[in-house]
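I opened this notebook to record what I looked up in the structure, helix by helix and then residue by residue. The entries follow the order in which I checked things.

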Amino acid sequence: MAHTTTESHAIHSSNLITTLHLSQQAPVFLKRQLSSERSPISLLISNQEGPEKYGMIEQLFFSCLQTGDDRSALLCLEQLTSRFGPSNERVMGLRGLYEEAIAETQSDLENCLRKYDVSLSENPLNLPILKRRIALLRSMSRPADAITSLVELLRAVPTDAEAWCELSDLYQSQGMNAQAIFSLEEALLIVPNAWNIHARLGEVLYICACSTETEVSLQYLRRSIRYFCRSVELCDGYLRGFYGLASATSLHLGRSCLMTSSRDLSTTSMEDILSKEKVEKLNIFSKRKLQEIVKQRSANHQLWEHAQGELIAAKELLDRMNEPQ
C-alpha cells in the first residue's frame, strides 16, 4: 500500500504503542451491531457528547490507517460521513487520505491528485484538500510543485504556522537554506513560544554553519545557539534543544579557536573573548543537562520505548564529546 504522511495534528508518533493498541481494538468496537440506528462507536462512547465523540472516531480512523487496518478505517470514515455529510471539507480531506492509503500504484495516486484538482476548482480555499494535495505531491517526489502549492496556500492563509514549517522543510530539502530560515522565522511570528520551532530554526542554522568554514559560519552558529537557548528556556528538559545546544556550542568553540589562532591576538576584541566564555559555559551546561535527561529517561521503561532514537543519539553525542582530543 502507498500510505502517505498525514497531518501532524493527527499523528501521535511519540505514542505508537497506544496507537497500535487502539487500532487493534477497532474491529471489536466496529462489529458491535447492537442497534441498527446507532453507530457501534457511538455505543462505545455514548457517555460523551459533542466534538469529543467524533474526535475519538477520527482518532480511531488515523490509528487504523497507521497500522494498515484499512477496513476499520473505512467504517470510521463512513460514520463521520454519515454525521457531517460528504461535502464537509474535513470529511473530504479524510476521504482523500483514505484513498491515498489504499492506492497500490502510481496511477492510483495520480487519480487522487486529479480528484483534488477537481475539488479545488470548485472551492479553491478548501484547506483540508489543499493540504492533502501538498502532502501527496511531496510523497510523489514532486517538491517543486509542493512548494508552489504551499506558497499559494500561505498567500490565502498567512497565519498557518504549520504550513510555514512544512514550507521550510521543503525548501531545505532542495538546498534553499535562506528560504527555509525565512519560513521558520515567519512561523515564530505566529507562535513565538513554540519551543520546537525555535529548536528547528537552530538546527537549520547549524546545518548552514556546517556547510562553510568561513567567518560566516560563526555568525550562523551564534544565531543557532540563541534559538537553542530559547527552546530550552521555553521547555526545560527538552532533549532535542539541549542536543542542539551542545552540538552548536562545541562546533563554535572549535572553529573560533582555529580562527583566533590564525589572527593576530591584538586584533581579537573583548567582545569575542566574552562571547567565547559564554559559549563555554553554555557548552558545559548543555552537556550536563543532556546527561541528566538521558539518565532519567533511560531508567523509565515507558519513556525509553517511546523515544529510543533520541536517547541513543544523545548518548552517542555525549560519548563523542567525552573522547580525548
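**Entry 1: H5 and H6**

How are H5 and H6 oriented to each other, roughly parallel or roughly antiparallel? I keep in mind throughout that this is a predicted model. I looked up the axes of helix H5, residues 89-102, and of H6, and found that they come within 9 Å and cross at roughly 165°. An angle over 145 degrees counts as roughly antiparallel, and H5 and H6 are therefore roughly antiparallel to each other. I also noted that H5 passes H6 in a right-handed crossing.

I then listed the residues that make this contact: H5 contributes Met-92, Gly-96, Leu-97, Glu-99 and Glu-100, while H6 contributes Leu-109, Cys-112, Lys-115, Tyr-116 and Ser-119. Sorted by class, the residues of the contact of H5 with H6 are five nonpolar, two polar and three charged.

**Entry 2: H5 and H7**

I turned next to H5 and H7, whose axes come within 7 Å and cross at roughly 20°. H5 and H7 are therefore roughly parallel to each other, and H5 passes H7 in a right-handed crossing. From H5 I wrote down Glu-89, Arg-90, Met-92, Gly-93, Leu-97 and Glu-100, which meet Leu-127, Pro-128, Ile-129, Arg-132 and Leu-136 in H7. The classes in the contact of H5 with H7 come to six nonpolar, one polar and four charged residues.

I looked up Pro-86, which lies in the loop between helix H4 (70-84) and H5. Is Pro-86 buried or exposed? Its relative accessible area is 63%, so I recorded Pro-86 as exposed. Leaving out residues up to four places away in sequence, I found that Pro-86 touches Thr-81, Val-91 and Met-92.

**Entry 3: H8 and H9**

For H8 and H9 I found axes that come within 10 Å and cross at roughly 155°, and these two helices are therefore roughly antiparallel to each other. Their crossing is left-handed. On the H8 side I noted Pro-143, Ala-146, Ile-147, Leu-150, Val-151, Leu-153 and Leu-154, and on the H9 side Ala-163, Trp-164, Glu-166, Leu-167, Leu-170 and Tyr-171. By class, the contact of H8 with H9 has 12 nonpolar residues, no polar ones and one charged.

**Entry 4: the nonpolar cores**

Which residues have the most contacts inside the largest nonpolar core? I found Leu-136 and Leu-167, in a core of 34 residues. The elements that give two or more residues to this core are helix H6 (106-122), helix H7 (127-139), helix H8 (143-156), helix H9 (161-173), helix H10 (177-190) and helix H11 (195-210). H9 supplies the largest share of this core, with six residues. I also recorded a second, separate core of 15 residues, which includes Ile-57, Cys-64, Leu-65 and Tyr-98.

**Entry 5: Ser-141**

Phi of Ser-141 is near 60°, which is a positive value in a residue other than glycine. I noted this since most residues other than glycine have a negative phi. Ser-141 counts as exposed, because its relative accessibility is 61%.

I looked up His-198, found in helix H11, and recorded it as buried because its relative accessibility is 7%. Not counting residues up to four places away in sequence, His-198 touches Leu-188, Pro-192, Tyr-227, Arg-230, Ser-231 and Leu-234.

Then I went to Ala-246 in helix H13, residues 239-261, which is buried with a relative accessible area of 0%. Which residues is Ala-246 in contact with, leaving aside neighbours within four places in sequence? I listed Asn-283, Ser-286, Lys-287, Leu-290, Leu-317 and Met-321. I also found that Ala-246 and Lys-289 are 43 residues apart in sequence and 9.6 Å apart in space, C-alpha to C-alpha.

**Entry 6: the whole chain**

Last, I looked up the totals for the protein chain, whose secondary structure comes to 16 helices and zero strands. Buried residues make up 40% of its 325 residues. Among contacts between residues at least 6 apart in sequence, 60% join residues at least 24 apart.

Technical notes: Residues are numbered from 1 along each chain as its sequence is written. This is a predicted model: local features need pLDDT of at least 70, side-chain atom pairs count only at pLDDT 80 or more; totals for chains, interfaces and linings use all residues. Side-chain values use heavy atoms; hydrogens and water are left out. A nonpolar core is a set of buried Ala, Val, Leu, Ile, Met, Phe, Trp, Tyr and Cys residues joined through side-chain atoms within 4.5 Å. Buried means under 20% relative accessible area, exposed over 50%, partly exposed in between (1.4 Å probe, protein chains only). Helices (H or I, at least four residues) and strands (E, at least two) are DSSP runs, numbered from the N terminus. Axes are lines fitted to C-alpha atoms, for helices over the stretch in contact, and angles run from 0 to 180 degrees between N-to-C directions. Angles under 35 degrees count as roughly parallel, over 145 as roughly antiparallel, 65 to 115 as roughly perpendicular and the rest as oblique. A crossing is left-handed if the near helix is turned anticlockwise from the far one by less than a right angle, and right-handed if clockwise. Contact means heavy atoms within 4.5 Å. Ala, Val, Leu, Ile, Met, Phe, Trp, Tyr, Cys and Pro count as nonpolar, Asp, Glu, Lys and Arg as charged, and the others, Gly among them, as polar.
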